[in-house]
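User: I am new to reading protein models and would like to go through one slowly. Could you take me through its features step by step?

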Amino acid sequence: MPFHSRLRRPGTRKAGAAALTVALAVLMAACGGNHPDSIFHQRTDFNRDVDYLFRILIYFGTAVFIFVEAILVWTLIKYRARPGQPEPEHVHGNTTLEITWTVIPLIILVLIGIPTIRTIIRTQAKARSDALQVEVIGHQWWWEFRYPQYTMAGLGGKTDTVVTANELYLPIGKTVNFTLHSKDVIHSFWVPALAGKRDLVTNHTNFLWYTPDSVGTEAFNGACVEYCGTSHANMRFKTFTVSQAQFDSWIENQKQMAVGSAPVAPAAPTQTAGGAVPAGPQTTVAAKSAAPGQQPSTPAANLPGAGVPASPAPAMQVAQAGFIAFPRDSLPAHTIPQTPTPAGLTFDDNLLAKGDAASGAKLMTGAGGCLACHAIRGNPMMIGNIGPNLTHIASRTTIAAGLFPNTPHNLALWIKNARAMKPGVTMYTIGHDQYDPILHASMKAGLFDPQIADIVAYLMTLK
Ligand code: CUA
């Protein structure tokens with residue numbers, strides 16, 4: 001069958017029209033609606049630059065496409081083969097034509113190249129010197145965020161840096177410069193609503209900077225976008241853009257030693273900005289209030305039961321004056337994880353209500369073995385650096401790298417059997433008689449549920 005007669009078959013046209021309609025419908029659906037994790041929000045200088053480049057290339061490319069396709073279709077129809085027609089004239093060796101169709105694409109490539117190179121130079125330039133510095137460290141499978149400009153005296157005269165996990169706070173209007181590297185394999189850091197992605201590599205430091213300058217107090221999803229192993233998809237984080245005052249309040253809280261960590265080692269002297277003070281449960285709080293440069297109304301000090309972890313603090317409600325952490329009731333729905341917990345893994349909430357924080361603090365450095373991997377600033381026993389720093393874990397909205405809302409119930413399940421909740425996770429299975437899916441064995445030496453409830457009670461005081 002000759003080509004031209006196939007073109008005119010009505011069935012082909014109908015199929016073509018249907019395909020075009022579907023494509024247009026998909027396109028329209030993609031353009032409309034609420035897409036909080038879309039890259040087309042223009043909330044930072046970075047995204048505006050990239051968005052501008054994307055748009056002009058799309059517009060320009062569309063114009064070229066329409067022009068070329070129009071000529072092609074017109075030629076196909078006008079010069080289609082007809083019965084008895086002589087062979088058409090060949091243009092091979094026509095110098096004018098060959099120069100023309102070499103020069104036109106060259107001009108097009110130059111026109112594409114200029115704004116592309118300009119954008120690369122702008123986004124790859126060094127960050128401004130007054131930028132907020134954030135060190136991002138990728139781990140299998142969680143994020144460590146360090147704020148090296150915010151340091152304070154730690155135990156034993158050493159300097160501590162504000163460090164958190166899986167939650168990033170950025171002040172609006174201030175350029176943030178991320179220093180990216182990895183502890184293990186290659187990860188990739190991406191907050192789509194704010195900027196492009198960038199790899200985290202073990203033996204090489206990458207940089208990425210942008211200014212979240214057109215947003216208010218908002219929460220954005222972030223993800224790892226380089227396959228990094230079993231729980232690559234479960235390596236998420238949140239970015240909170242807040243006002244400078246809110247950021248300062250958050251940083252001030254993060255700089256504090258952990259609430260209620262002192263009872264574990266009552267004799268150890270605690271070094272604070274105010275000098276050496278004995279680190280008894282009550283004196284820790286007193287030191288916080290008295291230390292120079294810290295507001296007397298510093299929220300942690302006003303926490304009910306602060307430093308006296310005899311009963312669990314009212315979970316989840318940060319009932320202090322001022323901004324401490326992003327308010328949970330303001331979290332947009334798309335930033336609240338909906339991950340189901342394993343069906344066979346349960347925890348009695350009545351036990352959580354009876355949890356004893358002081359006993360939980362002891363279990364963390366004792367039978368719980370938490371000290372092997374986790375750090376809690378102000379607790380000289382808790383200096384592990386394999387897992388996330390837990391100093392202010394109760395101020396975070398999620399656990400397990402954005403996988404579950406940070407509730408006492410989820411935290412209890414997590415401690416009981418993290419490996420059942422997140423495939424491949426390095427955290428041990430701690431619950432007594434729990435089946436460890438990595439070791440393929442049940443834990444005979446693990447903690448019983450009331451003990452886990454005690455640990456949860458303690459962790460929930462760590463605002
Ligand atoms: Cu880390 Cu994928």
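**Reading the model, feature by feature**

Analyst: By class, the residues that line the largest cavity comprise three nonpolar, four polar and two charged ones. Please keep in mind throughout that this is a predicted model.

User: Which residues line the largest cavity, and what is its volume?

Analyst: The general idea is that rolling a probe the size of a water molecule over the atoms shows where empty space is left. In this structure the lining of the largest cavity is made up of T164, E167, Y169, W250, Q254, A325, H392, S395 and R396, and the volume of that cavity is about 40 Å³. Strand β4 (167–171) and helix α5 (244–255) each contribute at least two residues to the lining. The count of cavities of 30 Å³ or more comes to one.

User: What is the mean pLDDT of the protein chain, and where is the pLDDT under 50?

Analyst: The protein chain has a mean pLDDT of 83, with 82% of its residues at 70 or more. Over residues 1–8 the pLDDT stays under 50, and the model gives this stretch eight contacts beyond four places in sequence. Residues 262–321 also have a pLDDT below 50, although the model has 103 contacts between this stretch and residues beyond its near neighbours in sequence.

User: How do the axes of α3 and α4 cross, and why are these helices called roughly antiparallel?

Analyst: The axes of α3 and α4 (residues 95–124) come within 10 Å and cross at roughly 170°. Angles over 145 degrees count as roughly antiparallel, and therefore α3 and α4 are described in that way. Where the two helices meet, the residues of α3 include F46, Y52, L53 and F60, while those of α4 include I108, L111, P115 and R118. The residues of this contact divide into twelve nonpolar, three polar and three charged.

User: At what angle do α9 and α11 cross?

Analyst: Helix α9 (residues 357–365) and helix α11 (residues 449–459) have axes that come within 7 Å and cross at roughly 100°, so these two helices are roughly perpendicular to each other. Among the residues that meet are A357, L363 and M364 in α9, and I455, Y458 and L459 in α11. This contact of α9 with α11 has eight nonpolar residues, three polar and one charged.

User: Which residues does a cis peptide bond join, and which residue has a positive phi although it is not a glycine?

Analyst: As a general rule, most residues other than glycine have a negative phi, and most peptide bonds are trans. Here a cis peptide bond, with omega about 0°, joins Q140 and W141, and W141 lies in the loop between β1 (132–139) and β2 (142–153). Q42 has a positive phi of about 55° without being a glycine, and Q42 is found in the loop between α2 (10–31) and α3 (45–78).

How values were computed:
Residues are numbered from 1 along each chain as its sequence is written. This is a predicted model: local features need pLDDT of at least 70, side-chain atom pairs count only at pLDDT 80 or more; totals for chains, interfaces and linings use all residues. Side-chain values use heavy atoms; hydrogens and water are left out. pLDDT is the predictor's confidence in each residue, from 0 to 100. Contact means heavy atoms within 4.5 Å. On a 1 Å grid over the protein atoms alone, a cavity is a set of points where a 1.4 Å probe fits but cannot get out, and a pocket is an open set with protein on both sides within 12 Å along at least five of seven lines; lining residues have an atom within 4 Å of a point. Grid points are joined across faces, edges and corners, and a volume is the space filled by probe spheres set on the points. Helices (H or I, at least four residues) and strands (E, at least two) are DSSP runs, numbered from the N terminus. Ala, Val, Leu, Ile, Met, Phe, Trp, Tyr, Cys and Pro count as nonpolar, Asp, Glu, Lys and Arg as charged, and the others, Gly among them, as polar. Axes are lines fitted to C-alpha atoms, for helices over the stretch in contact, and angles run from 0 to 180 degrees between N-to-C directions. Angles under 35 degrees count as roughly parallel, over 145 as roughly antiparallel, 65 to 115 as roughly perpendicular and the rest as oblique.
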